[in-house]
Amino acid sequence: MTGTSSFRRAERMSGIEISEIVQLSEAAAALRAEGRDVVALSTGEPDFPTPPHVIAAAHAAAAAGQTRYTPTLGTPALRAAIAAAAGTVAGEVIVSTGAKQVLANAMLATLDPGDEVIMPAPCWTSYADIVTLAGGRPVVLPCPAAQGFKLRPEELARAITGRSRWLMLNSPSNPTGAIYSREELRALAEVLADHPQVMVLSDEIYRHLAFSPWTSMREAAPELTERLLIVDGVSKAYSMTGWRIGWGIGPAPMIRAMGAVQGQVTSGASSVSQAAALAALTGDQGLLDTRRAALRARRDRVVAALNALPGVTCAAPDGAFYAFPDITGAMERLGAESDAAFCKLVLDRAGLAIVPGRAFGLPGHARLSFAYSDADLDAGLDRLSAVLAPGPVAA
Ligand code: PMP
């Protein structure tokens with residue numbers, strides 16, 4: 001390439017790169033392609049299969065001719081099922097191509113250049129980039145382990161300015177598993193009472209994977225309903241990441257604006273996937289309990305093993321399927337200057353892929369997903385243990 005290429009990135013792309021999680025997964029795949037044996041505990045994807053009755057519903061829908069464009073806001077049947085489960089009406093529901101598109105729709109529909117979006121960190125890597133792409137300014141508030149990785153009301157009050165448009169919450173959280181109690185949600189809502197210009201995006205996509213009591217923002221703060229967007233989907237609870245179905249529940253004018261964005265970008269979500277999501281929501285829900293119990297057992301196994309490692313401390317996450325240990329002692333042991341350098345070392349020396357905390361806005365940590373088989377988890381933890389053990393390091 002000479003320097004004369006006419007390709008130029010838009011200004012709003014500055015700082016936007018392929019997500020660190022995707023880069024790590026690609027690095028792991030490249031090592032595998034070289035013949036290295038690599039264990040990846042890096043992706044946020046359940047290893048359970050999509051339930052068979054969901055797959056059967058997709059087959060049946062395709063065979064019955066549900067293969068055409070769908071209404072932009074979602075099929076009437078799926079919107080009605082989502083609305084019924086949430087105790088609302090279909091006009092307050094939009095179905096999108098994954099929860100990720102719900103987030104993007106919301107930001108594109110509401111942010112003017114320089115508008116601020118407050119996000120407690122650590123938070124999912126895409127939040128800040130979606131806000132930036134939509135022309136907004138992420139206001140990232142670090143919430144360390146000492147405060148349970150959660151935002152305190154006084155910190156929220158200090159962060160709000162005349163440009164604040166959204167507060168983004170995620171409970172249970174990716175990457176920490178933290179859950180906001182009803183009281184904690186109420187305390188945040190009380191701060192927002194004085195700032196009617198601030199809308200709330202409550203990302204509840206891990207709600208079925210809570211190991212302790214969980215409350216929706218809708219329930220905790222009904223007075224916010226007119227400025228609340230709930231984000232949810234089938235990806236995590238029903239092991240349907242590839243089907244790409246998520247939804248937003250919010251006031252009708254907000255949903256219509258989000259639909260106007262979606263109508264120009266992707267149109268309605270996949271017909272077959274919506275039929276599958278409908279089967280997931282209306283079919284046997286017992287599988288949620290079974291899977292939650294399995295994840296809880298894995299959590300306990302992973303947290304115990306992590307805390308036994310030198311230089312690693314990990315609180316048990318209350319939900320989702322990630323452990324987010326403090327690794328500062330382990331970084332020191334290996335002479336790693338940053339959590340990213342530590343994760344690279346672990347990948348190179350031990351063939352284990354985990355994600356550095358800085359990708360989520362809180363350095364000094366790493367994220368390990370435990371949505372993997374016990375065999376993979378044990379292999380990954382053994383590798384981490386071998387790297388951290390004193391003496392020569394096995395390759
Ligand atoms: N929100 C959070 C907190 C997530 O972790 C993810 C997926 N990693 C999403 C939203 C997006 O989910 P989907 O697959 O439905 O786009």
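Which residues in helix 11 meet which residues in helix 14?

Analyst: This is a predicted model, and its chain averages a pLDDT of 95, with 98% of the residues scoring at least 70. The model scores are ipTM 0.99 and pTM 0.96.

On the side of helix 11, the residues that take part are Arg298, Arg301, Val302 and Ala305, and in helix 14 they meet Asp374, Leu377 and Leu381. Sorted by class, this contact has four nonpolar and three charged residues, and no polar ones. As for the geometry, helix 11 covers residues 286-307 and helix 14 covers residues 374-388, and their axes come within 11 Å and cross at roughly 10°. Because angles under 35 degrees count as roughly parallel, helix 11 is described as roughly parallel to helix 14.

To place this pair in the chain, the division is into domain 1, made of 12-48 and 286-388, and domain 2, which spans 53-282. The C-alpha centres of domain 1 and domain 2 lie 25 Å apart, and the contact between the domains takes 30 residues from domain 1 and 31 residues from domain 2. On the side of domain 1 that touches domain 2, the elements that give two or more residues are helix 1 (20-33) and helix 11, and the largest share, five residues, comes from helix 11. That side of domain 1 has 15 nonpolar, six polar and nine charged residues.

Terms used: Residues numbered from 1 in each chain as written. Predicted model: local features only at pLDDT ≥ 70, side-chain atom pairs only at ≥ 80, totals over all residues. Axes fitted to C-alpha atoms, helices over the stretch in contact; angles between N-to-C directions. Helix = DSSP H or I, 4+ residues; strand = E, 2+ residues; numbered from the N terminus. Parallel < 35°, antiparallel > 145°, perpendicular 65-115°, else oblique. Contact = placed C-beta atoms within 7 Å. Nonpolar A, V, L, I, M, F, W, Y, C, P; charged D, E, K, R; others polar. pLDDT = per-residue confidence, 0-100. Domains from an automatic or database assignment.
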